[in-house]
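Here is a briefing on one protein chain. Look over the sequence and the model, then work through the points by topic.

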Amino acid sequence: MSNREKFRIEAELAVNRANMLTRLWKYAPLEVMHSEYLLHAGVLSMVEFDEDIFAAGNCYDAHQYKNFTLYCPYAYRLPEGPILVKDLAVEYKYLSNTSEWFYIARKNAERVIINYNQFSRGK
């Protein structure tokens, strides 16, 4: 399998996960979305079912999930093989401007959204 094909498969997995969460946010009863177990199980399954994935997270913005200041279910594979799941926000404040994987990605996404809005209105 080529690297390009491998990347496509991993990208599709991420898109499917995002689509599932979007459907839950739109249609599921509130008690489903307030299930920390569901969110932890989701990131666990992404790592568990694909050996090429080292880690997966579902990080929320400040005060975006329940009464948490920050919340980030995160699953990662240990070198010996077991997979651990935790709330990454307990030990890592990912909204700081030194958090490349969240802060910079968020800033890039904001730029894309602004550009998309400009194009969608057209002139």
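**Overview**

Of the 123 residues of the protein chain, 25% count as buried; buried means under 20% relative accessible area, exposed over 50% and partly exposed in between, with a 1.4 Å probe and protein chains only. This is a predicted model: local features need pLDDT of at least 70, side-chain atom pairs count only at pLDDT 80 or more, and totals for chains, interfaces and linings use all residues. Residues are numbered from 1 along each chain as its sequence is written, and side-chain values use heavy atoms, with hydrogens and water left out.

**Confidence**

- The protein chain has a mean pLDDT of 85, and 94% of its residues reach 70 or more. pLDDT is the predictor's confidence in each residue, from 0 to 100.
- Among the elements, strand β3 (residues 83-87) has the highest mean pLDDT, 96. Helix α4 (residues 100-121) has the lowest, 74.
- Where pLDDT is low, the predicted coordinates should not be read in detail.

**Overall layout**

- The protein chain holds four helices and three strands. Helices (H or I, at least four residues) and strands (E, at least two) are DSSP runs, numbered from the N terminus.
- Along the sequence the pattern is α-α-α-β-β-β-α.
- The C-alpha atoms fill a box of roughly 55 × 45 × 35 Å, taken along the principal axes.
- Of the contacts with a separation of 6 or more, 40% come from residues 24 or more positions apart. Contact means heavy atoms within 4.5 Å.

**The sheet**

- Three strands make an open sheet in the order β1-β2-β3, with antiparallel pairing. β1 (55-57) and β3 stand at the edges with a single partner strand each, so one side of each lacks a neighbour in the sheet.
- Neighbouring strands are turned by 10° against each other on average, direction ignored. For such angles, axes are lines fitted to C-alpha atoms, for helices over the stretch in contact, and angles run from 0 to 180 degrees between N-to-C directions.
- Two strands pair if DSSP finds at least two bridges between them.
- β1 and β2 pair in the antiparallel sense over three bridges. Here G57 stands opposite Y74 in β2.
- Strand β2 (residues 73-77) joins β3 through five bridges, again antiparallel. A75 stands opposite V85 in β3, Y76 has L84 as its bridge partner, and R77 has I83.
- β2 and β3 form a hairpin with five residues between them. In the turn, G81 has a positive phi of about 120°.

**Burial of β2**

- In a regular strand the side chains alternate between the two faces of the sheet.
- Five of the five residues of β2 are buried.
- Both faces of β2 are covered. P73, A75 and R77 are buried on one side, Y74 and Y76 on the other.

**Disulfide**

- How many disulfides does a search of the whole structure find? There is one; a disulfide is a pair of cysteine sulfur atoms within 2.5 Å.
- C59 and C72 form the disulfide, with their sulfur atoms 1.9 Å apart. Both cysteines sit in the loop between β1 and β2, 13 residues apart.
- C72 is buried, with a relative accessible area of 0%.

**Nonpolar cores**

- The largest nonpolar core has nine residues: C59, L70, C72, Y74, Y76, L88, A89, Y94 and F102. A nonpolar core is a set of buried Ala, Val, Leu, Ile, Met, Phe, Trp, Tyr and Cys residues joined through side-chain atoms within 4.5 Å.
- A second, separate core has seven residues, including L24, L39, Y60 and Y65.
- L70 touches Y60, D61, A62, D87, A89, K93, Y94 and L95, not counting residues up to four places away in sequence.

**An exposed loop residue**

- Is E51 buried or exposed? E51 is exposed, with a relative accessible area of 72%.
- E51 lies in the loop between α3 (36-48) and β1.
- The C-alpha atoms of E51 and R8 are separated by 15 Å, and the two residues are 43 apart along the chain.
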